[in-house]
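Reader: I have a new model open beside me and would like to learn how to read it. Could we go through it feature by feature?

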Amino acid sequence: MKWSDIPYIWQECFKEAWESFQEGSRPIGAVILNEQGDIVARGKSATLKELSDSVISHNELAHAEINALLKLDNRIHKKVTSYVLYTSLEPCPLCFGAFYMSGIRNLEYAATDRYGGSTNIQDTTPYLSRKPIKVNGPIPILEDLSVLLNVYFDSMIDFKKAIPVHEEMAKDYPEIVALAKDWTRQEKLKEYHHLQIQDVFSMMIDSIN
């Protein structure tokens, strides 16, 4: 598979994730589409650094989905039920709750997060059962890219708190987690400032094949 085979919207979502990586924060990206299919908001995970175009940063709430959702001014975006939130990793409880409360009813996520992913809280309370939410994910191949980026980044910065996250990810993605660890040892993405997300994707495909 080539990068050009990936739908445009997912390309843009992973560009956000890769820019977050390059700027020194967790590689998770999010984009929001309106009913015409136009991107109306973008978000990066800015928990570790102040990133370009982020509403909040240096805060445990500064997740990619939150940074995207906070850009929707409800004076402009008055009816968002048909909008779609795309994210490179299954939303955590914070982000799924924010998505639900935003009024958007369509969610697409690339990779499963067995540790923190919380799409399963849908329909668990009367409130979370009120809206007809549509959730789709994971997305083949893109899930591998998402996990690869996140495990590599955490390992690169020796982020000890991510160890249990990686252990859970390895239950769903054993080969990719192992590949990410191997890439870290090889410093495969050492020149990340000079790479584009399509370069990383091609490198991953070559490694898998």
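Reader: In which helix does Asp154 lie?

Author: Asp154 lies in helix 4. Helices (H or I, at least four residues) and strands (E, at least two) are DSSP runs, numbered from the N terminus. Keep in mind that this is a predicted model, where local features need pLDDT of at least 70 and side-chain atom pairs count only at pLDDT 80 or more, while totals for chains, interfaces and linings use all residues. Residues are numbered from 1 along each chain as its sequence is written, and side-chain values use heavy atoms, with hydrogens and water left out.

Reader: Is Asp154 buried or exposed?

Author: Buried means under 20% relative accessible area, exposed over 50%, and partly exposed in between (1.4 Å probe, protein chains only). Asp154 has a relative accessible area of 5%, so it is buried.

Reader: Which residues does Asp154 touch?

Author: Contact means heavy atoms within 4.5 Å. Leaving out residues up to four places away in sequence, Asp154 touches Arg26, Phe159, Ala162 and His166.

Reader: Now a lysine. Where is Lys44 found, and what do polar contacts join it to?

Author: Lys44 is found in strand 2, residues 39–44. Lys44 counts as buried because its relative accessibility is 4%. A polar contact is a pair of N or O atoms within 3.5 Å; within protein, one must be able to donate a hydrogen and the other to accept it, and residues adjacent in sequence count only if both atoms are side-chain atoms. The side chain of Lys44 has such a contact of 3.5 Å with that of Glu16, and another of 3.3 Å with that of Glu19.

Reader: What span should helix 1 have?

Author: The expected span of a helix is 1.5 Å times one less than its number of residues. For the 15 residues of helix 1 (residues 8–22) that gives 21 Å, and the end C-alpha atoms are 21 Å apart, which agrees. After helix 1 comes Gly24, with a positive phi near 100 degrees.

Reader: What volume does the largest pocket have?

Author: On a 1 Å grid over the protein atoms alone, a pocket is an open set of points where a 1.4 Å probe fits, with protein on both sides within 12 Å along at least five of seven lines; lining residues have an atom within 4 Å of a point. Grid points are joined across faces, edges and corners, and a volume is the space filled by probe spheres set on the points. The largest pocket holds about 620 Å³. Of its 29 lining residues, Arg26, Ile28, His63, Asp113 and Val165 are the closest to its centre. Helix 5 gives the largest share of that lining, four residues.

Reader: What lines the second largest pocket?

Author: The second largest pocket, about 150 Å³ in volume, has a lining that includes Ile66, Leu69, His77 and Ser102. Helix 2 and helix 3 each supply at least two residues of that lining.
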